Amino acid sequence: MSQAEAIRLAGVTRHYRTPAGLVRAVDGIDLEIDAGATVAVVGPSGCGKSTLLSLLGGLDRPTSGQLWVGKQNLATLSDPARATYRRTHVGFIFQSYDLLPFLTAVENVAFQLSLQGELDGHDHCLELLDSLGLGDHADKLPDQLSGGQRQRVGIARALAHRPALILADEPTGELDSETSRSVMDLLLEAQRHLGATLVVVSHDVGVAQRLQRVLTLRDGRLVADSRSDPKGQPVA
């Protein structure tokens, strides 16, 4: 099990040059997140939520500023070092599931372990799927599963290597309300079991309120930071 790590951003920006001009996707964010915390990132479309998640996951590099996850400054890591960081420290969960269509559920989960050179994790993957209620579906292809089942396979894949940081981009965006609650139950239970830090991008107020802290972005800037009690109720 990886040990959860704190996150610290100091003056982080991510700017893009386009034919229409400069896009300030993330525009000078200062932020600290405690190790093991659960955090929601909310705001209107185009406010920089997914860009921020990409920076935290090492998928992208800041234009300027410092971004620390534990003892690693992602702003200065080389591309190979960031790839190693992603494989070993981060579990990604996407709205679109991103499962390989030609692999079964258990093979999709095992593929995550194979990226780290673990070639004998089949039993671990089966146990993980079973804990998520998919024990009877391990040998099915993604197109034989419902949306909620595919999302649970995505969660299993993200957790297979016991990450210190779990990043979820709209994990319930395409699910009905009942399935959404179930997926969040599973995700929060897994986060507690691993002791990982969890950051979730969501448009769903109900999802955001289940996390300990809600960060609101607008035009690439952090404009609000609220905290909730353990039952998800806002703290005055």
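## A first look at the cores, the sheet and a few residues

The largest nonpolar core here has 39 residues, and Val 109, Leu 129, Val 153, Ile 166 and Leu 187 have the most contacts inside it. A nonpolar core is a set of buried Ala, Val, Leu, Ile, Met, Phe, Trp, Tyr and Cys residues joined through side-chain atoms within 4.5 Å. Buried means under 20% relative accessible area, exposed means over 50%, and partly exposed is in between (1.4 Å probe, protein chains only). Keep in mind that this is a predicted model: local features need pLDDT of at least 70, side-chain atom pairs count only at pLDDT 80 or more, and totals for chains, interfaces and linings use all residues. Residues are numbered from 1 along each chain as its sequence is written, and side-chain values use heavy atoms, with hydrogens and water left out.

- Leaving out residues up to four places away in sequence, Leu 129 touches Ala 105, Val 106, Val 109, Leu 134, Gly 135, Ala 138, Val 153 and Ala 156 (contact means heavy atoms within 4.5 Å).
- There's also a second, separate core of 28 residues, which includes Val 26, Ile 33, Leu 165 and Val 199.

**The sheet**
- Six strands make an open sheet with mixed pairing, in the order S6-S7-S8-S3-S9-S10; two strands pair if DSSP finds at least two bridges between them.
- Strand S6 (90-94) and S10 stand at the edges with a single partner strand each, so one side of each has no neighbour in the sheet.
- S9 and S10 run antiparallel and are joined by six bridges, and Leu 215 stands opposite Asp 225 in S10.

**Residues worth a look**
- Asp 27 sits in strand S2 (residues 21-33) and counts as buried because its relative accessibility is 12%.
- The side chains of Asp 27 and Arg 221 are joined by a polar contact of 3.3 Å (a pair of N or O atoms within 3.5 Å; within protein, one must be able to donate a hydrogen and the other to accept it, and residues adjacent in sequence count only if both atoms are side-chain atoms).
- Asp 219, in the loop between strand S9 (213-218) and strand S10 (221-227), has a positive phi near 55° though it isn't a glycine, and at 60% relative accessibility Asp 219 counts as exposed.

Notes: Helix = DSSP H or I, 4+ residues; strand = E, 2+ residues; numbered from the N terminus.
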